[in-house]
Amino acid sequence: MTKIEVVDPPPQPSVLQDWKTEVKDTPCHVFNKRFSPLIGMPQVQCLTNSVVQSSLPKSVLDCATKITEEEDKKVKEAIFHAHLLDSFQAKLPKVINMDRPGWNERREYGIPFGRKHKTLTYQLLLLLDQQVPGALERQLVEDTLTQVTLKHSDSLMQINHEAAFIVSSLTPLPQLADNAEIKSLQEETLPDIYPLSPLVNCRAFNTYCLKDSYGVASNNLYPHTIFIHQNQSRMKLSEDQFAGISLLHAFSHAAAYAKATGSIVGSNLEKPVVLQVVHMHRQYFHMGVFQLNTLNLTGTTKNIFWTQPWEPLFSKCCFQAAQPVLEGYNPRVFELLKGLHAQC
């Protein structure tokens, strides 16, 4: 079998406009979209001081109602539109044939994965808004950048994350774990990754900006769901690493929102911040719900992340004999998205 490797274009700088970086004496570990946890979820748990629950909350699962025939038809149309019927064409990333190293392979034109992800997500959000009462009152912001700087033990770390979409609501999502449950989780131990540090594969820089920013500027809107896309073809992620990145994004957005609204007493929050995350890579969807209880990343109070295994939306979508073909379609993905979208 021919082995191929896809080469990404050079990375574009990911900094907020008009933000000036300065040379500091204290190095800072900077996490961005190219970070991949070396040992998956356990590393991110230690980074974010979070315990993981292996199922989505009951309130989400109860709202994940069975897909109707009409919804089923529209979801399939959205998949075809995003992956096959979009007229936009661009030069795709360079492909290296590992059986012929040094050979200059012909560049192909097609729909970039980034555009496929954005188009499909937007189409699904439109469909979800039609199914959920009151969803049209929510605000949708596209292509945001969130930055938050925190202390982890004696080290400084900064998380710089992009989101394809942020859905905000006029009311906050309800607290899922009450104070008694939060207190009971103090006895829960995080994974032991010794002798590795949670910061093991993140570079430290002396040039950075300490300013914090949440992707949505208005303090009158509450975070509801963030949608993140993994478009980098060279990042070969296991399911555990994929889920770990979901947790890290959820934490960074919740922490940035908490710092932006000033709802912090010491290192703990006056009221926990709850938000949902949908993480997409090609045909795979990973969904989770995060409750931020503290910004003390080494203390006894812990944050909580509800998650479940990723779900493929389909296995194959292509043209065969000039006809669009969809194989391995999984309606459970849209049912879970309905469950998340229905939360208020």
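**Side-chain contacts in a predicted model**

Let me begin with Y122, which counts as partly exposed at 39% relative accessibility. For this term, buried means under 20% relative accessible area, exposed means over 50%, and partly exposed lies in between, with a 1.4 Å probe and protein chains only.

The model is predicted, so local features need pLDDT of at least 70 and side-chain atom pairs count only at pLDDT 80 or more, while totals for chains, interfaces and linings use all residues. Residues are numbered from 1 along each chain as its sequence is written, and side-chain values use heavy atoms, with hydrogens and water left out.

I turn to the aromatic residues. Rings of Phe, Tyr and Trp (its six-membered ring) pair if their centres lie within 6.5 Å; planes under 30 degrees apart count as stacked, over 60 as edge-to-face, and the rest as tilted. This rule gives eight aromatic pairs. In one of them, the ring centres of Y122 and F165 are 6.4 Å apart with planes at 25°, so this pair is stacked. Y122 belongs to helix α4 (residues 113-131) and F165 to strand β8 (residues 155-169), so the pair ties together parts 43 residues apart in sequence. Helices (H or I, at least four residues) and strands (E, at least two) are DSSP runs, numbered from the N terminus. F165, for its part, is buried, with a relative accessible area of 2%.

What is the geometry of the F290 and F305 rings? Their centres are 6.4 Å apart and their planes stand at 55°, so the pair is tilted. This pair links distant parts of the chain, with F290 in strand β13 (residues 284-294) and F305 in strand β14 (residues 303-307), 15 residues apart. Both F290 and F305 are buried. Elsewhere, Y214, Y222 and Y257 form one aromatic cluster.

K118 lies over the face of F165, at 5.6 Å from the ring centre; the criterion is NZ of Lys or CZ of Arg within 6 Å of the ring centre and within 35 degrees of the ring normal. Likewise, the charged end of K116 sits over the ring of F113, 4.8 Å from its centre.

The structure holds 10 of them. K118 and D143 meet in one at 3.0 Å, N to O. As K118 lies in helix α4 and D143 in strand β7 (residues 139-152), the pair ties together parts 25 residues apart in sequence. D143 is exposed, at 54% relative accessible area. K118, E142 and D143 are linked in a network of salt bridges.

Helix α3 provides two further examples. Within this helix (residues 69-83), K74 and E70 are four residues apart, about one turn, and their side chains form a salt bridge (3.9 Å, N to O). E71 instead meets K338 at 3.1 Å, N to O. E71 lies in helix α3 and K338 in helix α7 (residues 332-341), so this bridge ties together parts 267 residues apart in sequence. Are its two ends buried or exposed? E71 is buried, with a relative accessible area of 6%, and K338 counts as buried at 7%.

Finally, the cysteines. There are zero disulfides in the structure, a disulfide being a pair of cysteine sulfur atoms within 2.5 Å. For C63, the nearest cysteine sulfur, that of C344, is 8.2 Å away. For C209, the nearest, that of C28, is 10 Å away.

Technical notes: A salt bridge is a side-chain nitrogen of Lys or Arg within 4 Å of a carboxyl oxygen of Asp or Glu.
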